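Please consult the sequence and the structure shown here while reading.

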Amino acid sequence: MMTGYPREQIRRTLADPRLQEAIYSATGRLMEHRRQVVAPEVLPDYQELREQARRIKEHTLENLDAYLEQFEAQVRARGGEVIWAKDGPEVADFVLDLARRSNARLLVKSKSMTTEEIGLRERLEAQHFEVVETDLGEYIIQLAQERPYHIVAPALHKTREEVGEIFSQRLGVPRENVPERQTRIARTVLRQKFLTADIGITGANFLVADSGAVVLVENEGNARLTTSAPRIHVAVAGIEKLIPRAQDLAVFLKLLGRSATGQPLTVYTSILSGPRRQGEWDGPEQFYVVLLDGGRSRVLADRDKRQTLYCIRCGACLNHCPVYRRIGGHNYPWIYSGPIGKIASPQFQGLTEDPWLPFASSLCGACAEVCPVKIEIPRLLLELRAEIVKAQAREGQNRWERLGFRLWSWVMTRPRLYEALSLAAGLLAGEGSDQGWLRQLPGLLNAGPLRAWLDYRDLPVPGRSFRALWRQRTARVRE
Amino acid sequence: MISRDHILNKVRTALGHAVGRTAAAPPPVRLCVPAWTVEERWQRFASALEKLGGNAVRVSEPAEARRYVAGLTCGRAAVASRSPFLEVCGIHQLAGVRRDFRDPAELRAACAEAEFGITGADYALADTGSLAVFASPEEARLISLLPPVHIALLPISRLLTGLDELLSLVPNPAERSSALILITGPSRTADIEQILVRGVHGPGEIHVIVVDDRERRS
């Protein structure tokens, strides 16, 4: 049942008091910030907003084909281009081709879980392009060559001392342990990257069908720079990111910032549609939106578990999860950690990939309670558990089947044994035969899978083997 | 093109839809616009922005706005947008303020050097302390982004209650501009040990000057 469970790795996390403190206090703070801004006296219509958000997501996914086409038409009408990608390699192929066509050297990136999901940066770097993450947390993670620890706080597990070490080693700057000064170092280095980059790559928090708009939500200004300074903007987004109307942003923006970091609105919200227009001074000259399937259409096919795709990546379920708060983000097998990762990974990557995942939950229900789009995570965990058990039972059956065929091949490669056995089988089966056809096995043998098999099939009664017939024939010829 | 049809087919199969099916009607839009007076809006705006570490100032006339900006910049290098409202306030006549550029490259270089970026704002949102700026030939994006200090000026008539009112006035921002940017306080991060640091990539300081224009309107 629990194969692949990273037991040792988890034990190390639990035994590291520094890391335990970092995870616990960071998630605790995020919980507290959220609690303050969704309290009934501050936001009386919070529950109505959640209900509306869920309804809109449900409706959008039920009509996703129409909204995808509307979005594409709107982007085109404003001079942008939409590229459809089945998987990560197709996204990378497009960006690589674009980078080569436009003689690009340097690409800047703003934080995006979707591009992490498909390893886009690594794929581009493998082809010798310089790709720089510009969100401070992501930049630290890139320099440390790790993967994000948390959906919204990627470097949550790093202390200032560790950041000082990473900066001094990787950037060759004097060791600096004060976060203000560390931030200034990153600002200076990244400012030059922004001003010289050819392509800016972003994700999208939302795609708006009626406007053809890409919506980006952030606090630092790096997403604004990524989409304002380079001459080309490429947004990579999963097909589930659509919402029907720009007016629906009133609901989603209120929920996203509050659920993620306890902000009524994040510092910057960019609603971007198409390249710069006539007379504008800046903004990209080319605007591309890459729509990624990457397993989403498969999840869409399951009416019930489809709600996994409602997720707006706020990370609230991570902060409130007693398991995440102990084991942190790196013990989950995929880029999405915490409760949402537990239901997303098995569905996106296959049920038997990491079968222990949906079991690593106490089903306390905190995640569902704080989810801004009301995904029923605990119930889906239970369903996935049931499916995994069934799938494993199926695999168990396959094991017996495999054993049977191994035995069969062993017998088949031993002609004398085979002959003896088929003779015996012929004698044994003869009594139940019906004009030379075996309808069912006699007596005790007529049970289990053999019986089930013969319920729908008839076999000729085994008699003389091919070798016996051949011997007879060659004897006749010699005569 | 192949992937497009492939993905759309998979989506249609998953949903059991035929080609060319139109979407069902979405749930009604939910926008709530409270009835706040100008004074209430101003109070809420100022307190929301100040809570974020921004500075909200209300002045009674354009000349006072100009004097306030002069007090901030003290003649140091500033880039101003071509917003008509800055013209009304006479910002371009201030020492150190540059507005005219030959080309985008020159504007960008000036923004990268300047200590102040001065812009107008199409609207401000009272409940969150936000500015709403549409990119346009009058408003370049980088002026409110590259310099370490952002100063924005707008008439008080443009002070809305919040996002819901903005989206009811502008139901489809894409029709109006390639970019609608909402700016809510100074640039910030908490990525290192959750310690708040202002001015990561964008301005660490923001001043919003709201100018009374009640006389002009009456």
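## Strand pairing between the chains

Strand E9 of chain A (residues 268–272) pairs with E9(B) in the antiparallel sense, over five bridges. Pairing requires that DSSP finds at least two bridges between two strands. Within E9(B), Ala179(B) is the bridge partner of Leu272(A). Helices (H or I, at least four residues) and strands (E, at least two) are DSSP runs numbered from the N terminus.

This is a predicted model, in which local features need pLDDT of at least 70 and side-chain atom pairs count only at pLDDT 80 or more, while totals for chains, interfaces and linings use all residues. Residues are numbered from 1 along each chain as its sequence is written, and chains are lettered from A and ligands numbered from 1 in the order in which they are written.

## The contact between chains A and B

Chain A contributes 77 residues to the contact and chain B contributes 60; two residues are in contact if their C-beta atoms, placed from the backbone, lie within 7 Å. On the side of chain B that touches chain A, the elements giving two or more residues are helices H1 (2–15), H5 (104–113), H6 (163–169) and H7 (173–176), together with strands E9 (179–183) and E10 (188–189) of chain B. H1(B) supplies the largest share of this side, 10 residues.

By class, the side of chain B that touches chain A holds 33 nonpolar, 16 polar and 11 charged residues. Here Ala, Val, Leu, Ile, Met, Phe, Trp, Tyr, Cys and Pro count as nonpolar, Asp, Glu, Lys and Arg as charged, and the others, Gly among them, as polar.

Chain A is assigned domain 1 (7–310) and domain 2 (416–478), with bounds that come from an automatic or database domain assignment. The C-alpha centres of these two domains of chain A are 66 Å apart.

Helix H21 of chain A (residues 466–478) has 13 residues. None of the 13 residues of H21(A) is buried (20 or more other C-beta atoms within 10 Å of its own, C-beta atoms being placed from the backbone; exposed means 12 or fewer, partly exposed in between), so H21(A) lies largely in the open.

## Two residues with positive phi

Most residues other than glycine have a negative phi. His128(A) has a positive phi near 70 degrees and lies in the loop between helix H7 (120–125) and strand E3 (130–133) of chain A. His128(A) is exposed, with 7 other C-beta atoms within 10 Å.

Glu193(B) has a positive phi of about 50 degrees and is found in the loop between E10 and strand E11 (197–198) of chain B. Glu193(B) counts as partly exposed, with 17 C-beta neighbours inside 10 Å.

Definitions and conventions:
Expected span 1.5 Å × (residues − 1).
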